[in-house]
Amino acid sequence: MNQPKRLLLVEDSVNDIKLTIAALRAAGLANEIIVCRDGAEALDYLFRRGEHEGRGDDTCPAVVLLDLKMPRMDGLEVLARLRADARFKTLPVVMITSSAEEQDMVKSYNLGVNGYVVKPVTHEEFLAAIREVGLFWAVVNNPPPQTAIRPAAEVPCGSGGQIPS
């Protein structure tokens, strides 16, 4: 039996973290949810640096749910750095943001985001949107096979598990 896919939530708002996790749980998702409070921490987690250097598991999450406006490093910079590394070119990333600005949307898609969701204003709409996003990316979508996140020369994440010769 397959283990539930891990989700990486990158969000600085404590309230939005709680709402997002509650919505995913209400949708019946038992997936492990890793929370990073800003872009710098998310990159440390994915690149296994800093406090995440010795973490035991080294597989990619099934999806990164990425806020756009955050302290230290915003979602656009996180996305650009992920797409610049061969290990993360195919890692699904969905922007979940309060910004409906066209320039933010265009920049996100130009950098390779897989989806752009504007956070609805009402509590019920927010929960419904997160449930749909979570169900699609954690259950319905078939991403490239999970592989270990190792130095790019060894195994690119999402490479189908093929170790380059």
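Helix α2, residues 39–47, is mostly covered, with eight of its nine residues buried. This is a predicted model. Which residues of α2 are buried? They are Gly39, Ala40, Glu41, Ala42, Leu43, Tyr45, Leu46 and Phe47. The cover over these buried residues includes strands β1 and β2 and helix α3 (75–83).

Look at the two ends of α2. At its start, aspartate 38 reaches in with a side-chain oxygen, to within 3.0 Å of the backbone nitrogen of alanine 40. Just after the helix comes arginine 48, which takes a positive phi of about 60°.

Now turn to strand β1, residues 7–10. Both of its faces are covered. Leu7 and Leu9 are buried on one side, and Leu8 and Val10 are buried on the other. Strand β1 also has partners. It runs parallel to strand β2 (residues 33–36), and four bridges join the two. To get from β1 to β2, the chain crosses through helix α1 (residues 14–26), and this β-α-β crossover is right-handed. Strand β1 pairs with strand β3 (residues 63–66) as well, again in the parallel sense and over four bridges. Leucine 7 shows both pairings. Its bridge partner in β2 is isoleucine 33, and its bridge partner in β3 is valine 63.

Next, the nonpolar cores. In soluble globular proteins, nonpolar side chains tend to be buried together. The largest core here has 25 residues. Which of them touch the most other members? They are Leu8, Val10, Leu66, Leu82 and Met95. Six elements, β1, β2, α2, β3, α3 and β4 (93–97), each supply at least two residues of this core. Helix α2 gives the largest share, five residues. A second, separate core has 18 residues, among them Leu9, Ala23, Val63 and Ile96.

Leaving aside neighbours within four places in sequence, leucine 66 is in contact with Val10, Gly75, Val78, Leu79, Val93, Val94, Met95 and Ile96.

Go back to helix α1, where threonine 20 lies. Is threonine 20 buried or exposed? Its relative accessible area is 3%, so threonine 20 counts as buried. Beyond its neighbours within four places in sequence, threonine 20 is in contact with Leu9, Phe126 and Ile130.

Phe126 turns up again beside proline 120. Setting aside residues up to four places away in sequence, proline 120 touches Glu125, Phe126 and Ala129. Where does proline 120 sit? Its place is in the loop between β5 (115–118) and α5 (123–140). Proline 120 counts as partly exposed because its relative accessibility is 22%, and the cut-off for buried is under 20%. Proline 120 and threonine 97 are 23 residues apart in sequence, and their C-alpha atoms are 9.1 Å apart in space.

How far can each part be read? The mean pLDDT of the protein is 83, and 82% of its residues reach 70 or more. Two stretches fall below 50. Over residues 151–156 the pLDDT is below 50, and this stretch has 17 contacts in the model beyond near neighbours in sequence. Residues 158–165 are also below 50, with 16 such contacts. Where pLDDT is low, the predicted coordinates should not be read in detail.

Conventions. Residues numbered from 1 in each chain as written. Predicted model: local features only at pLDDT ≥ 70, side-chain atom pairs only at ≥ 80, totals over all residues. Heavy atoms only, no water. Buried < 20%, exposed > 50% of the residue type's maximum accessible area, 1.4 Å probe, protein only. Pairing = 2+ DSSP bridges. Right-handed = clockwise from strand over helix to strand, strands pointing away. Contact = heavy atoms within 4.5 Å. Polar contact = N/O pair within 3.5 Å; in protein donor to acceptor, adjacent residues only side chain to side chain. Core = buried A, V, L, I, M, F, W, Y, C linked by side-chain atoms within 4.5 Å. pLDDT = per-residue confidence, 0-100.
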